[in-house]
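I opened my notebook to look around a structure that is new to you. Here is what I looked up, entry by entry.

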Amino acid sequence: MESEYRFQHRHILGIEELSASDIGFILDTAESFKEISQRPIKKVPTLRGKTVIHLFFEPSTRTRLSFEIAAKRMSADTFNISASTSSAIKGETLIDTAKNLTSMNPDIIVIRHASSGSPHLLARHIKASVINAGDGTHEHPSQSLLDMMTVREKKGKIAGLKIAIIGDISHSRVAHSNIIGFTKMGAQVQVSGPATLIPAGIKQLGATVCHRVEDAVADADVVMALRIQKERQLDPLLPSLREYATFFGINRTLLKSAKPDAIIMHPGPINRGVEMTFDVADGEQSVIMDQVTNGVAVRMALLYLIMGGEDR
Amino acid sequence: MNSSPALLLQNARIIDPANNIDEPGDLLIINGVIRRKGKARSLSCPANCLTIDLQGKWLVPGLIDMHVHLREPGEEYKETIASGTKAAAAGGFTAVACMPNTNPVNDNQSVTSLILTKAAAEGSARVYPVGAISKNSKGTELAEYGELKKAGAVAVSDDGRPVANSQLMRRALEYSSNHSLLVISHSEEVSLSENGVMNEGALSTRLGLRGIPTVAETIMIYRDLALAEYVERPIHIAHISTRESVDLVRRAKNKGCQVTAETAPHYFTLTEETVGMYNTRAKMNPPLRSADDLAAIREGLRDGTIDAIATDHAPHSVMEKDVEFDQAANGIIGLETAVPLTLALVRENILTPARMIELLSVRPARILGVTGGSLAEGNAADITVIDPEKTFIYREEDVVSKSANSPFLGWELTGKAVLTIVGGTITFRDM
């Protein structure tokens, strides 16, 4: 079986398009790449001569840096275009941007954009491979893959685990990708948060909705908190961040109902004291920094695999 | 195209529900007027007469689309009165009512006059301008209904910019009575739908797109029906798309309220699944809904709750449509596909041929209070001939409208208007 498997994807647009075998294969590949980042000379020639453009229409520190480090460690040439320096503010359409980029013959475009589906639009109009680095409230596949890698690394498996995702499920592309991904890999996903932030039809994605955060966390192997954006208060989706922290924030008392060896995750950046208390974020169970480390390995694996996985 | 004073349409299946007729026959037009009807091959041709043998095709009163956007003045790159009415003729329509959301807004007699002047000079169909409910469609002050009516407007509407203020809606319903103008409501509670881009549900969540809940439509229809009942005025509800909307209109009709309603072919043909992977040609407002809503719309068409099929023909160029889904403009073109899409309901035995013609001609004429909808002798010869069997593929290069934003491109469609006649003049012929 293993020998017959071939990674067939030219683009990484979402977890939805990936099978469980694809995800397993990406995680295996990422694990094998992790060691490269621990060498004194952190560079392999695998993607030498390949051009990677990071096209970011939304601000990002961590994801963009992670992708850039991944590409550079693979010896690709990388270029960054951000919304403030791109033609977007001059009124150029995404399709025109795509056509212009195609003329410069890049191999991979990594795109982050506020509109859901924009990587799909780009993929339809460009010859290069497209990696979705977060589109609107749709998907964030590389984040989900690094989350799954971290869980598999810490727990030895994904199938059969109970994953609790707490917070703003409605506006979180990380939550959407993770619900789809962890469910595909055989885990059970329970979500909780203010009902105003739980979207219609989330059950059809595979998640169980718990009205009480205690029920979602009970017996969980993984507790993942999502970022709450301050402007949600005005929408009006939340009365206050203080009330959110009191009733939905992850604290030590709440964690007692989870499995004793449960791990704590957060896609960052954290609002300390809102989504989780300081002691939880920095405590023994937190794997938040491992997530960041694995992000580079997962992105190296994605770049490598969509380029055909050769010349390793 | 045809300037012949006499035109004999022979050997047709004449479907004229206003006069309870569905039988084989001939129809003679002289000087733009329906002069005589008779049994098939019973009428003979006067001198200088053009004779067309219809070989059993349907001859019906000219179709009337009571809800289109012609984009002129202001957005002529999308559509003009000339191109839009040409598309209408190609789709079998002899008349259209055009919504006021042009630039400038049709909230005054000058814009209404401009539309009518252009339509008379360049149009291929009768054009009935719909004026704005409020000045500049801002929802604060009433537009000048008397002057709009005098210039030729047949109704007022807030299409595309729904009236949020209930007091203004009440005053519009009241004041429109002085000028015999129908109020057409685009019923949408914007605080619930704002920034939404597709139907709210599991699919919108999966795609990460902001949803428009069905209640955004229901709540405002309820308000509008309550106001119309309270002030005892008629109201017409535009483009209904949900099961609850059909139920509300049915209940109001059972109570005896003067309410009429329309839906569009896409709401009885497509569901939200058409959005697929961000297909902007499936983006419109109200959005495509669920299969359950679609079933309710079909039932409403069958049982008479819904009075009219109107296309909400909304041309947009690639500039508005070949963009990110949430940035794309709402609306699709519809004039050239309404006949085959409605005929699909006839083939599924949801509608009889007579009911189809009521929905596309008889009722729209009565609701708007305009000529047409009947093949009575002495009436203006506004006539559509439909070949219910003709099959064609709807290709982008064949689109007559100036814009091609249709989700039906590439579909194989059955049934087509093959001859369109306005006041005795042939405006379209494909036979």
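**A strand and its neighbours**

I began with a bridge: B:I235 has B:V259, in β14(B), as its bridge partner. The chain passes from β13(B) through helix α8 (residues 243-254) of chain B to β14(B), a right-handed β-α-β crossover. Right-handed here means that, with the strands pointing away from the viewer, the path from the first strand over the helix to the second runs clockwise. I noted that β13 (residues 235-237) and β14(B) pair in the parallel sense over three bridges; two strands pair if DSSP finds at least two bridges between them. Strand β15 (residues 308-309) of chain B also pairs with β14(B) in the parallel sense, over two bridges. There, B:A308 is the bridge partner of B:E262. Helices (H or I, at least four residues) and strands (E, at least two) are DSSP runs, numbered from the N terminus.

Is β14 (residues 259-263) mostly covered or open? I found five of its five residues buried. B:V259, B:A261 and B:T263 lie on one side, B:T260 and B:E262 on the other, and both faces are covered. Buried means under 20% relative accessible area, exposed over 50%, and partly exposed in between (1.4 Å probe, protein chains only).

**How I read the model**

This is a predicted model, in which local features need pLDDT of at least 70 and side-chain atom pairs count only at pLDDT 80 or more, while totals for chains, interfaces and linings use all residues. Residues are numbered from 1 along each chain as its sequence is written, chains are lettered from A and ligands numbered from 1 in the order in which they are written, and side-chain values use heavy atoms, with hydrogens and water left out.

**Chain B as a whole**

I counted 13 helices and 18 strands in chain B. Of its 431 residues, 62% are buried. Its C-alpha atoms fill a box of roughly 65 × 45 × 45 Å along the principal axes.

**A covered helix**

Next I checked helix α12 (residues 338-347) of chain B: eight of its 10 residues are buried, so the rest of the structure largely encloses this helix. Among the buried ones are B:P340, B:L343 and B:V346. Just after α12(B), I saw that B:N349 takes a positive phi of about 60°.

**Salt bridges**

Side chains of opposite charge can pair when their charged atoms come close. A salt bridge is a side-chain nitrogen of Lys or Arg within 4 Å of a carboxyl oxygen of Asp or Glu. I got 36 of them over all chains.

- B:E75 and B:K78 meet at 3.1 Å, N to O. B:E75 is partly exposed at 22% relative accessibility, whereas B:K78 is buried at 4%.
- B:R289 and B:E217 meet at 3.5 Å, N to O. B:R289 lies in the loop between α9 (265-269) and α10 (291-303) and B:E217 in helix α7 (residues 214-230), so the pair ties together parts 72 residues apart in sequence. Both residues are buried.
- B:R281 and B:E396 meet at 3.9 Å, N to O. B:R281 is in the loop between α9 and α10, and B:E396 in the loop between β16 (383-393) and β17 (412-422), so this pair ties together parts 115 residues apart in sequence. B:R281 is partly exposed at 26%, and so is B:E396 at 45%.
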